[in-house]
Structure formats: C-alpha cells, structure tokens
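Thank you for sending this structure along. Below are a few numbered points for a reader who is meeting it here.

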Amino acid sequence: MKVVEVLDKQSQKQFLDVVDLIYKDDEAYVRPLDGMIEEVFDPAQNSFFTHGKATRFILIRKGEVIGRVAAFINYNKANGYEQPTGGMGFFESINDREVAFTLLKAAENWLKSNDMEAMDGPINFGENDTFWGCLVDGFTQPGFGMQYNPPYYRQFFEDYGFTTYYEQITSHLDLTVPFPERFWKIAGWVVRKEGFSFKHFKISEADSFIDDFEKVYNDAWRFHENFTPIDKKMLKATMDKAKSFMMEDLIWYAYHENKPIGFLVLFPDVNQILKHFNGRLTFLNKLRFWWMKRNNYMTRARVVILGVVPKFQRSGIESGLFWHLKGAIDKNPQLKELEISWVGDFNPKMRALQESMGAAFGKKHITYRYLFNNKTNEEVRASSIPVDTKYNAAAEKEL
C-alpha cells in the first residue's frame, strides 16, 4: 500500500472519486458536490487558511484508490486546549482495519510534524455545521452538510485509540403534527410583548443581516469551550453559496428595541436534489436542479443554527422565532419535516428545547479526540455550557 499526498489534479480527482467505491451499494448516501469539497482545500476560497493549514492523502493498493483522509490545523482553536489539537476529516476507507489505520497514521504523523499533540475527528476545516462527527446511529439519507459514513467507521476510530469527546444528536420534527400547546402559548406571549420584534432574512439586505448574525453569535457562543468569534468572511461565503436554494422566510431574526438578540436559520434540504447528481454540477445538472426546485423536490428543511444572546435566554425568544417560522411553512405545504441538527451533549439547554417541540430522535454522531501520548486511553470530554449563561452574562456586566 502507498500513501500519496494530494498535490495535483489527478490525485484530487482520486480523492473525490473514492466515495464511489465505498458507497456503491449504499442507497442512503448522497455524494456532496465535488466543488464543495474542493473549496475546503482551496486557500483562495476557505478563509481558515489565513489562520491554519491543511493537507490530504489517498491510499493506493495495486493501482486502486481504497481510502482517503485529510488533516488540518485551525490555529485559532488548536492552542486553546490543554494540548495543541489538530483535526482529521474527510476520512473514507474500505472495510479493512489495516487500510483505515494506515490512513489515520498518515494524518497523525502530519499533525505531529506540525507540533500537534492530539487530533479531533472526523471534523471539517471550517465551521462545525458541515461534515462534522462520525455517524453511529440513524443511517438514513443525510441532510445537506451532514456527515454520513458506513457503520464500521466507529470501530476503526475507537480501536485506533479515539475516545468520545462529545455526542451530537439530530432530531426530526414532523410538520404535519401540531407543536405542543404549551410551546405556542409561550410563543404567543413573546411576540406580543412590547419592545420585541421579528423579521426574516432578505437577500437585498444581506450585509445588514450578516452583521446582526455576527453580533448574536459572538455573544451567544462565548461561553462555549475554546470559543473563537465567527469568521465573517466564511459567513458571507456560505450565504452566497446558499442563494440558489435558500428561502428567505425560513431565516428569522429577533430584536429587542431594534438590537439583534437571536436568530433561527433553516435551509431547504438540497440533498434531496443533489442525490441525483453524483457530485457533479454540470450544465445539464444545473438545469435539472432548477426544474426539481420548481417542482418541490425539497420536502424537508434543516435547522442549521439557532442562537439567543445570554441576556434573553429563558425568555421564550426561541419560541417566538418558531412562531414566525410557522407562517412561512404554512405557505410552503411541500415542507413536511424539519431536521434539527445538530445539538451536542455539552448543550443541555438546546436538548431541552428539542424535547419541548416534540421532536423525535433522528441520528447520533460522535466527535472523537485522540491524544497521541495517552497510554491509558483515558476519555477526555468537552465541558458543558453552563445552564445559567444568562446570569453569568449579567454578573460580567456588573464587574
């Protein structure tokens, strides 16, 4: 077997096409667009290269590519842990332990050569809303951006020495079933409360909404472990790429006295269309895309992110956002299901919100951590977000 670093067009294509071997008999798999994968490794398109580096490898045996892996370092995060920690992702392997271990060792050696002492994986060289975690339960068709893999990957990672860093739960909400009455009661009270307002995203005002997103995100997520502010350039790029399939009234913002305090971002599940394209957005597939979109092939939507600043948490703002979202969904009866993905076990408040809406379990992913010098295979878990961030924020203000 030979490990080859991806450095030219031929190896790039082999890196992309190995999934056809891995998933040839898996009807649930949806191949991501090749361009979407290539953007991750293009310094001109991925702003994480301004504070990080990445590489990728393929594994060849008897002339056939049988696996791949990528390794990367986000320096904004890496040195914020107890040990410098890089990342591993885009892992694919035939069901062969030796093949899998060879690929993981290639990622480990590259990270060691760059002074890292641990690696998280499988993750993405970007924000954690795409290609994040190992799927271990719920092997159904993935929503757009969600990680999918064969069941046997879990055993490979755990046998290699990875331990659970955190679990990620995705819930599914049947839109043909009414929300619990108590949920709407709280929502109705919030939307009528003086000083509060809600409005949906408009592409014509994208810059203003992106600024509001940045303000809310950087306040709401600051109590997360090893927090770093949102990369605004990456955020703008994401919105630009989503223009072709996004629905403006599926993205809602909450305001108090005209200051942004929360948001709810949903995208239609474009994977319901992309599954027909095998990763290629050719001219013909672009025409097919617009036809399928027009004919309501997308019957699901994914809740990509929901956030409320600490000061207004536990104030029913989340319910108010869903209240307004309901009006948009009522106007789009083709939407039958919401995928709420994903919520980490370090975020008990969001887990409780999922349950309050009557959402059912859909999938579980695991983000693993592997400590290079952990001889006892001791598990290291992500720290939980304090339930009382609202009061922590108030205390900070008083200091």
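1. What percentage of the 399 residues in the protein chain is made up of buried residues? In this predicted model, buried residues make up 56% of the 399 residues of the protein chain.

2. On the overall form, the protein chain has a radius of gyration of 21 Å, which agrees with the value near 21 Å for a compact globule with 399 residues. The C-alpha trace spans about 70 × 55 × 35 Å along its principal axes, and the protein chain holds 13 helices and 13 strands.

3. Regarding contacts across the sequence, if one takes those in the protein chain with a separation of 6 or more, residues 24 or more positions apart account for 78% of them.

4. As for the surface, the protein chain exposes about 18,400 Å², of which carbon and sulfur atoms supply 50%. The protein chain carries 51 positive and 53 negative side chains, and the centres of these two sets lie 3 Å apart.

5. Is serine 341 buried or exposed? Serine 341 counts as buried because its relative accessible area is 3%, and the cut-off for buried is under 20%.

6. The surroundings of serine 341, leaving aside residues up to four places away in sequence, consist of Met146, Thr170, Arg302, Val303 and Val304, which serine 341 touches. With arginine 302 there is also a polar contact of 2.6 Å, which joins the side chains of the two residues.

Methods. Residues are numbered from 1 along each chain as its sequence is written. This is a predicted model: local features need pLDDT of at least 70, side-chain atom pairs count only at pLDDT 80 or more; totals for chains, interfaces and linings use all residues. Side-chain values use heavy atoms; hydrogens and water are left out. Buried means under 20% relative accessible area, exposed over 50%, partly exposed in between (1.4 Å probe, protein chains only). A polar contact is a pair of N or O atoms within 3.5 Å; within protein, one must be able to donate a hydrogen and the other to accept it, and residues adjacent in sequence count only if both atoms are side-chain atoms. Contact means heavy atoms within 4.5 Å. Helices (H or I, at least four residues) and strands (E, at least two) are DSSP runs, numbered from the N terminus. The radius of gyration is taken over C-alpha atoms; the globule rule is 2.2 Å times the number of residues to the power 0.38. Accessible areas come from the Shrake-Rupley method with a 1.4 Å probe; for residues, only the protein chains shown count as cover. Lys and Arg count as positive and Asp and Glu as negative; His and the chain ends are not counted. The place of a charge is taken as NZ of Lys, CZ of Arg, CG of Asp or CD of Glu.
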